[in-house]
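Try each task before you read its solution.

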Amino acid sequence: MGLSETVAVISALIAAISVWINIRVVNRQIDLQTEELRAAVDMEKTRWLGDALAVFAEAEAVCLTDRETAIATGTHLRLAQRFSILADQGRISFPNLRPEDRGRENPEAYQGIRQPAINAVILAHDVMQGLAELGGADGAAVQTLLFDCRRVLVSEVQRSVDPRRREQALRAQNLRSAAERDVSRGEIRRIIGAVRAFGVSRLSFTTAPPPQAPPPASAARQAITPPAPPPRAAPEATVEEATVADGQNGAASQTRPSDDKPEG
């Protein structure tokens with residue numbers, strides 16, 4: 001198998017693994033978006049439960065302390081009105097079940113059977129609204145009734161939110177992330193093994209040579225300054241020039257007096 005075929009096979013393998021990883025990532029994102037939407041709905045239910053518990057606490061305090069004063073000032077009616085508002089708000093998170101079986105003549109939100117969480121709030125509304133009609137009823141017994149309604153409400157909201165399921169989902173998500181990391185490492189090792197099997201790992205990739213240190217100033221000056229040219233030799237005289245020169249020298253010797261002849 002040639003180099004081009006080897007590179008093509010490895011490229012196809014890498015592309016297939018990339019597609020598989022992308023599919024896993026997309027599925028994980030869908031799961032995360034679903035979990036985020038569920039968490040937002042659970043947050044609304046938890047916030048509504050907190051508001052309801054605050055009203056329950058006020059109503060129970062009224063029943064245990066000064067019920068006659070609360071009836072005289074109309075506090076019980078204000079609490080009953082708040083329970084009614086909470087019940088209508090809770091219908092968004094806890095809508096009626098089987099709307100086709102009961103109350104078809106009512107508005108859509110009030111058709112069907114109420115869920116236990118809404119029933120608990122409505123029962124507390126009825127207790128506070130009829131507090132004056134209870135007369136000499138024991139305040140502790142009324143408070144116990146409200147306490148039971150509150151416990152039902154908390155249990156129903158907890159069952160709907162299911163915090164245990166959330167913890168299990170987070171734990172499973174952590175395990176899935178760890179497994180995906182292990183799978184990714186395994187795929188990378190598989191790719192490296194395939195590359196080594198096809199001999200591509202023996203390919204050498206040229207890299208730029210490391211930068212060299214600049215030469216010293218004297219060496220740079222010597223490299224830049226050209227060498228001096230050698231001295232030029234004097235040109236040799238031609239035959240004619242040599243003959244003329246010899247004739248001139250002979251004439252000069254004849255006219256010059258001899259140093260050996262004494263003067264007279």
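Residues are numbered from 1 along each chain as its sequence is written, and side-chain values use heavy atoms, leaving out hydrogens and water.

**Exercise 1. Find which helices have the lowest and the highest mean pLDDT among the elements of the chain.**

Solution. Start with the term: pLDDT is the predictor's confidence in each residue, from 0 to 100. The chain has a mean of 75, with 63% of its residues at 70 or more. Helices here are DSSP runs (H or I, at least four residues), numbered from the N terminus. Where pLDDT is low, the predicted coordinates should not be read in detail.

**Exercise 2. Work out how the buried residues of H3 are arranged around its axis.**

Solution. First, the helix: H3 spans residues 75-93 and reaches 28 Å from first to last C-alpha, close to the 27 Å expected at 1.5 Å a residue (1.5 Å times one less than the number of residues). Second, list its buried residues (under 20% relative accessible area, 1.4 Å probe, protein chains only): His76, Leu79, Ala80, Phe83, Leu86, Ala87, Gly90 and Arg91. Third, view H3 down its axis: these residues fall within an arc of 150 degrees, so they line one face. The arc is taken from the directions from the helix axis to the C-beta atoms.

**Exercise 3. Locate the aromatic pairs and describe their geometry.**

Solution. Ring centres of Phe, Tyr and Trp (its six-membered ring) must lie within 6.5 Å; planes under 30 degrees apart are stacked, over 60 edge-to-face, the rest tilted. The count is two. Trp48 and Phe94 make a tilted pair, 5.7 Å between centres and 45 degrees between planes. Trp48 lies in H1 and Phe94 in the loop between H3 and H4, 46 residues apart. Phe56 and Phe83 are edge-to-face, at 4.9 Å and 70 degrees; this pair links H1 with H3. Both Phe56 and Phe83 are buried.

**Exercise 4. Is Gln115 buried or exposed?**

Solution. Gln115 is in the loop between H3 and H4. Its relative accessible area is 13%, so Gln115 is buried. Beyond four places in sequence, Gln115 contacts Phe94, Pro95 and Leu97.

Definitions and conventions. This is a predicted model: local features need pLDDT of at least 70, side-chain atom pairs count only at pLDDT 80 or more; totals for chains, interfaces and linings use all residues. Helices (H or I, at least four residues) and strands (E, at least two) are DSSP runs, numbered from the N terminus. Buried means under 20% relative accessible area, exposed over 50%, partly exposed in between (1.4 Å probe, protein chains only). Contact means heavy atoms within 4.5 Å.
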